[in-house]
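This briefing sets out selected features of the structure shown below. The points are grouped by topic.

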Amino acid sequence: MTDNSSNQKVIVFDPELCTGCRYCEVVCSFKHYGCIDLSKSYVRILFNGDEGTGAFEAVNCQHCEEPICVSACPSEALEKDERTGWVKINPLKCIGCQMCVYLCPLSVPFFDEERKAAVKCDFCDGDPECVRHCSPAALRVVTREEALQLNKRLYLGIR
Amino acid sequence: MKRGMNDIRIFRFDASSCNGCDIEVLGILALGLPLSELGIKIVDTPQEANTLVVLGGVNIKSEPELEEIYELIEPPRRVIAVGSCAATMGIFKGGYTMTGPVDEIIPVELYVMGCPPRPQVIVSALADALGIKIKEIEPLLKTPEGFRGEPVVSSGKCIGCAACMNLCPASAIEIDDTDDERIIKFTHKDCIYCATCQEICPSEAVELAYRDKPWFGDKEAATAEATLELKKCLLCGIPFVASKQVDWAIKKIEEKLRIPQEAHDQLLRTSSICPDCRRKSINQVTEAKKILTSIAIRTQ
């Protein structure tokens, strides 16, 4: 990780703090589609209802350092901004092949049937709505370095 | 040959074309062919004609006129639909004034494909209908360099991503998914030869080729197809993507990224799970975040 990229901002999700209010989904769909439709949100909160553990998890873009979606895109519609580190889709270049949807392990990009293009978290150009409205601060903006520490602890069990 | 049809007296009717086909029909006169010797004549009134050339799809206003003109032509008569719009309404499909392609109003004998078709092709189609050979036209029929004919898909190269179907402005590409196969069908009757499919195809499987006889009697028969194997989701068992598409993308990722072996194996596994299942279960999401975190550690 270079100095520049370790200071870049990313969104992390902390399942220990989430209350499951789904306000992030409400504001995300309102910001990007102008309507409150949770099925159009770029961030998704999951409830583990079947197992009854009461755990939460989120499908949220990690704005990876080396994004799989960008390298899978045949039309260079997905671009990683070198300075900010955000991974964005240029809707004018997207051909709707859904490579990113199938190859991202999290399946973060969604295929928008109306626009015939893939859509994904665009970091709201610096001030993510989901983070602004998350009252328990389960979704928050941190540096890449801090995000890696948190994700290592949560998913790989490394302290 | 039908009785009384050994010459062609054409009456041209523009049902609602954009005038592209219209100009190409006029262009026949500029080819320098001895049309009158060949028995081809363009006439001014439907009463003198025996062949009706229709251009464009039919709309609310032109429908009664088209029916009237058809009745005014003495049988035996034949109708030739010139251009994609006359065959299927082309890009005007679904327009609020459109009432149908020509063959829904009157019987059509021959469809000339193109958007618009070249004048040489229109004359050859007419000659073919008449059963005569025009020697002078053969050198003219030769396709110019870079000319866009009908799209032909190579089954070996196609990865079945459906990008062409999503972007085709004329909805000329259909995808039929069965239990284990995906069929990508290019229907030439709808095609407007814009080459978008050729331009965007990630695997360069589509090519706008040109065939000897760009006209047809049965419009349903003019197609090109590719058949692909579908991959079934590991969890729900529903086919969701062409296997070749995932293989193609993974190869591309391997070229660009160095992914640790373990994460690579997990990536192969998640790519066999449909996006719906991946976004539905916490286990899948934690699994995916594990992969992404281990990739992030490597780049640290």
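Is B:Ser171 buried or exposed, or does it fall in between, and how many other C-beta atoms lie within 10 Å? B:Ser171 is partly exposed, with 14 other C-beta atoms within 10 Å; a residue is termed buried if 20 or more other C-beta atoms lie within 10 Å of its own, exposed if 12 or fewer, and partly exposed in between, with C-beta atoms placed from the backbone. The model is a predicted one, in which local features need pLDDT of at least 70 and side-chain atom pairs count only at pLDDT 80 or more, while totals for chains, interfaces and linings use all residues. Residues are numbered from 1 along each chain as its sequence is written, and chains are lettered from A and ligands numbered from 1 in the order in which they are written.

**Chain A: overall form**

- Chain A contains six helices and eight strands; helices (H or I, at least four residues) and strands (E, at least two) are DSSP runs, numbered from the N terminus.
- Along the sequence, these elements of chain A follow the pattern α-β-α-β-β-α-β-β-α-β-β-α-β-α.
- Chain A has a radius of gyration of 15 Å, close to the 15 Å that the globule rule gives for 159 residues, so it is as compact as a globular protein of that length. The radius is taken over C-alpha atoms, and the rule is 2.2 Å times the number of residues to the power 0.38.
- The C-alpha trace of chain A spans about 40 × 40 × 30 Å along its principal axes.
- Of the 159 residues in chain A, 44% are buried.
- Among contacts in chain A with a separation of 6 or more, 52% are between residues 24 or more positions apart; two residues are in contact if their C-beta atoms, placed from the backbone, lie within 7 Å.

**Chain A: local elements**

- In helix H2 (residues 23-33) of chain A, the buried residues are A:Cys24, A:Glu25, A:Val27, A:Cys28 and A:Ser29.
- The cover over these residues of H2(A) includes E2, helix H5 (129-132) and strand E8 (139-143) of chain A.
- After H2(A) comes A:Gly34, with a positive phi near 70 degrees.
- Strand E2 (residues 44-47) of chain A runs antiparallel to E3(A), and four bridges join them; strands pair if DSSP finds at least two bridges between them.
- Within this pairing, A:Phe47 is opposite A:Phe56 in E3(A).
- Strand E3 (residues 56-59) of chain A is covered on both faces, with A:Phe56 and A:Ala58 buried on one side and A:Glu57 and A:Val59 buried on the other.

**Chain B: overall form**

- Chain B has 12 helices and 14 strands.
- The radius of gyration of chain B is 26 Å, whereas a compact globule of 300 residues would have one near 19 Å.
- Taken along the principal axes, the C-alpha atoms of chain B fill a box of roughly 80 × 40 × 30 Å.
- Buried residues account for 43% of the 300 residues of chain B.
- In chain B, 76% of the contacts with a separation of 6 or more involve residues 24 or more positions apart.

**Chain B: strand pairing**

- E9(B) and strand E10 (residues 181-187) of chain B run antiparallel and are joined by five bridges.
- A hairpin of three residues connects E9(B) to E10(B), and B:Asp176 has B:Ile183 in E10(B) as its bridge partner.
- E10(B) is also joined, by seven bridges, to strand E13 (residues 223-232) of chain B, and the two run antiparallel.
- Opposite B:Lys185 stands B:Glu225 in E13(B).

**Chain B: backbone geometry**

- B:Ser171, although not a glycine, has a positive phi of about 50 degrees, and is placed in the loop between H7 and strand E9 (173-177) of chain B.
- B:Glu204 is likewise not a glycine and has a positive phi of about 50 degrees; B:Glu204 lies in the loop between helix H8 (196-200) and strand E11 (206-208) of chain B.
- B:Glu204 is exposed, with 10 other C-beta atoms within 10 Å.
- B:Pro75 and B:Pro76 are joined by a cis peptide bond with omega about 0 degrees, and B:Pro76 is in the loop between helix H3 (62-72) and strand E5 (78-82) of chain B.
- A cis peptide bond also leads from B:Cys115 to B:Pro116, with omega near -5 degrees.

**Interface between the chains**

- In the interface, 34 residues of chain B are in contact with 33 residues of chain A.
- H12(B) provides the largest share of the side of chain B that touches chain A, namely 12 residues.
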